[in-house]
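Hi everyone, thanks for coming. Let me put the model up on the screen, and then we can walk through it together.

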There are 2 protein chains.
Amino acid sequence: VTEATSNERLWTFAGGDIGAFRVLQTVSVCGATLPDVTRLNVFSGVTPKGAAAVAAPGFVLRGVVSNERYATRAEKKDLVQAQAAIGRPEAQHGALIPIKKNAAWWALTQDERRRIFEDDSNHIAIGMRALPAIARRLHHCRDLASAEPFDFLTWFDFAPQLRPQFDDLLGALRATKEWEYVEREVEVWVER
Amino acid sequence: VTEATSNERLWTFAGGDIGAFRVLQTVSVCGATLPDVTRLNVFSGVTPKGAAAVAAPGFVLRGVVSNERYATRAEKKDLVQAQAAIGRPEAQHGALIPIKKNAAWWALTQDERRRIFEDDSNHIAIGMRALPAIARRLHHCRDLASAEPFDFLTWFDFAPQLRPQFDDLLGALRATKEWEYVEREVEVWVER
């Protein structure tokens with residue numbers, strides 16, 4: 001039996017008093033909030049480089065970048081052409097937005113979820129409008145071995161002056177039918 | 001920070017010299033095989049009841065029961081009506097079949113995967129023909145935090161005299177277009 005190594009698509013978001021990101025504000029959109037922390041440490045894998053980096057976390061959220069569940073080839077082509085990668089020098093502000101969907105969502109079949117996600121809610125189309133200004137990386141946590149408080153972690157970054165565009169994006173998504181299935185959502189606003 | 005608890009949908013398959021299932025044969029269908037073991041220990045969660053149950057494993061495979069990725073509502077309705085649960089008294093034989101799909105599969109979009117899975121390969125329709133004789137539980141491992149050797153673990157059980165029907169099922173699936181994307185597949189045949 002070999003020693004367990006990390007999934008190379010795993011990311012950890014540790015809220016505490018250490019990390020490259022200063023936490024500006026933590027806001028509960030619905031459901032329980034997260035502990036107040038001063039720093040967010042974002043790293044690939046389970047363990048950050050340097051043991052000190054794990055000191056005093058207020059929360060540890062983990063998720064895995066995975067295959068897309070809903071995008072068609074045509075939609076993915078448009079997304080890939082338009083999107084920017086996380087970590088551009090000008091993208092000094094960011095937000096971690098963990099979301100949990102309710103049991104009714106997960107009882108839906110693939111065709112029903114796709115219909116709500118895009119045909120009814122235009123999730124991809126709404127997201128496209130914010131590209132390339134807002135960069136985004138989605139992590140899945142529902143199928144980890146550990147019981148996790150959220151189903152998804154989305155990590156965004158953007159230049160500070162583009163915050164109004166980001167707020168519009170969040171507002172548009174939260175007005176959709178898809179968001180009726182969201183039972184917990186928190187915003188962790190950060191500055192690099 | 002609370003102690004990590006197990007995902008309630010997690011199952012562990014530990015191959016070693018302990019467990020309720022005697023291993024009859026281990027066969028590599030494609031790719032590397034698994035270590036030869038005499039027993040298979042199948043349990044819910046990370047840790048079996050009783051510490052002795054973890055002795056000398058030759059392999060530890062884990063996966064999470066999750067939402068279906070492809071079935072439509074109409075297909076799911078038919079499946080739910082026809083299928084039996086794992087663990088019927090007469091189902092004294094079983095097979096654990098771990099599968100890894102290749103990078104080309106995971107680079108496909110949802111609509112492309114669905115087309116291959118059902119429109120081209122009739123995966124659900126082929127599986128339906130074996131119901132309720134063959135019971136099945138699918139576990140996902142691709143999005144665990146640890147690097148896992150397989151993407152899926154499927155656990156089957158059936159009455160010993162139904163083995164020919166099970167062999168037909170495996171043969172039909174392996175002749176499909178979907179199986180061209182399978183790069184590793186092992187059969188672990190067991191008896192309770």
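So, to start: what is the area buried between chain A and chain B, and what percentage of that area do carbon and sulfur atoms give? The buried area comes to about 2,800 Å², and carbon and sulfur atoms give 44% of that area. Buried area here is the accessible area, with a 1.4 Å probe, that two parts lose on being put together, summed over both. Arg73(A), Asp143(A) and Ala145(A) supply 22% of what chain A buries against chain B, more than any other three residues.

A quick word on the ground rules. This is a predicted model, where local features need pLDDT of at least 70 and side-chain atom pairs count only at pLDDT 80 or more, while totals for chains, interfaces and linings use all residues. Residues are numbered from 1 along each chain as its sequence is written, chains are lettered from A and ligands numbered from 1 in the order in which they are written, and side-chain values use heavy atoms, with hydrogens and water left out.

Now, the symmetry. Chain A can be laid on chain B with an RMSD of 0.0 Å by a turn of 180° and a shift of 0.0 Å along the axis, which is the relation of a two-fold axis. The superposition is by least squares on the C-alpha atoms of residues with pLDDT of at least 70 in both copies. Within chain A, Leu144(A) comes closest to the rotation axis, its C-alpha at 2.3 Å.

Back to the contact, meaning heavy atoms within 4.5 Å. Chain A brings 34 residues and chain B brings 34 residues. The copies meet through the same surface, because 100% of the interface residues of chain A are also interface residues in chain B.

What about charges? There are 6 salt bridges between chain A and chain B, each a side-chain nitrogen of Lys or Arg within 4 Å of a carboxyl oxygen of Asp or Glu. Asp143(A) turns up again here: Arg9(B) forms a salt bridge with Asp143(A), with the closest N and O atoms 3.2 Å apart.

Which helix gives the largest share of the side of chain A that touches chain B? That is H3(A), with 4 residues; helices are DSSP runs of H or I, at least four residues, numbered from the N terminus.

That's my tour, so over to you for discussion!

Definitions and conventions: Helix = DSSP H or I, 4+ residues; strand = E, 2+ residues; numbered from the N terminus.
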